[in-house]
Amino acid sequence: GAVRATLRGRSRWRHGHRWLRPYYYGDRLYYGWMRAPLGWWYATLPVGYATEDYDGETYYYDDGTYYQEGEQDGKKGYVVAEAPPGAQEVTGDASTPNPYDTLRKMCDHIQTMKAFSFTASASYDEIMDSGEKIRLSDRRSLFFTRPNKGKAEIRGDQNNRRVMYDGKIISVWDRTKKTYSTIPMPATLDAALDKLTQEYGVTMPLSELIRADAYDAMSRETQTGQYVGLHTIAVFECHHLAFTQDAIDWEIWIQADSNPVPRKMVITYKRQPGQPRYEVLMPRWTAGATFPSNFFDFTPPSGSNKVDILPVTPSTSPPAKKPT
């Protein structure tokens, strides 16, 4: 039978070397497959494992999970390990890659980019007071230098802004209203993104992709993950993955070669009236970008007026907004 375990304060179930997480769909309880937690110790290896060698180190592989020899309380056994560099993306069924392995490789690849840029063309639903659903769009050009520089040029139906982060301040310039705002920020991108969400109730679009803990940020709330297949986005053959969470369902298409960047994402906000969708295409990624020394500096344009952006208080704090 399955054995209950607690990971990060949440109940999970283990049946031998297989792990499951509970989730609700409607009012019914289901259990979905999940990755075995790193560092978990076993006395034995699963039946049918394969032995693989990477740079002189021995790994044992089965159904999306790597193991290495390890001890616990003086007993020899095997621990769940990170996938070794250069590991092939295979599972128990070679035709169906593990969606979590594919997502992790994308996150690890983006994390190797220290200075980079990409473009994002988004379309999204707006639910009117009448209940009518209308479709809006925008285009974003995004530029980053880790760990503490960022810039976004946004032009679209609702937004016509420039957002800049220089490691100390986030500046927002609204071209249409001819106003600008500045907000003091912590000294890293991750900490700045956290402050925006926690103190201002704002979630920046695609922010999970650029975080240092991108894989954890994208996967920790997932309830199920599915590998849909190889599909083409523009000219790129991509791994199509689908995930469910409590409040959203989301899909991602990841380029299926040595440059595993995301090419498309679709998010469905299933708890909101009308279940609005946010869809974004990412046709251009540039790694190793170079920027002028003053590229992330903000100078208020002539004729612009400063306005304050006030943090939300705990008593009135709304849930994090849809990407804006």
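Tutor: What follows looks at helix α1 and the sheet it lies across. This is a predicted model, in which local features need pLDDT of at least 70, side-chain atom pairs count only at pLDDT 80 or more, and totals for chains, interfaces and linings use all residues. Residues are numbered from 1 along each chain as its sequence is written, and side-chain values use heavy atoms, with hydrogens and water left out.

First, the setting. The protein chain has 4 helices and 21 strands. Both are DSSP runs numbered from the N terminus: helices are H or I with at least four residues, strands are E with at least two. Buried residues make up 45% of the 324 residues. Buried means under 20% relative accessible area, with a 1.4 Å probe and protein chains only.

Now the helix. α1 covers residues 99-111. It has 13 residues and reaches 19 Å from its first C-alpha to its last. That is close to the expected 18 Å, where the expected span is 1.5 Å times one less than the number of residues. At the start of α1, a side-chain oxygen of Asn98 comes to within 2.8 Å of the backbone nitrogen of Tyr100.

α1 is mostly covered, with 10 of its 13 residues buried. Among them are Tyr100, Leu103, Met106 and Ile110. The buried set also includes Asp101, Arg104 and His109.

Next, what α1 lies across. The strands are β16, β17 (236-244), β18 (248-255), β19 (262-269) and β20 (277-287). α1 runs at about 115 degrees to β17. Axes are lines fitted to C-alpha atoms, for helices over the stretch in contact (heavy atoms within 4.5 Å). Angles run from 0 to 180 degrees between N-to-C directions.

These strands belong to an open sheet of 12, in the order β16-β17-β18-β19-β20-β10-β11-β12-β13-β14-β15-β21, with mixed pairing. Its edge strands are β16 (224-233) and β21 (305-306), each pairing on one side only. Two strands pair if DSSP finds at least two bridges between them.

Further along the sheet, β14 (169-174) and β15 (179-184) run antiparallel, joined by 6 bridges. Ile169 has Pro184 of β15 as its bridge partner.

Definitions and conventions
Buried means under 20% relative accessible area, exposed over 50%, partly exposed in between (1.4 Å probe, protein chains only). A polar contact is a pair of N or O atoms within 3.5 Å; within protein, one must be able to donate a hydrogen and the other to accept it, and residues adjacent in sequence count only if both atoms are side-chain atoms.
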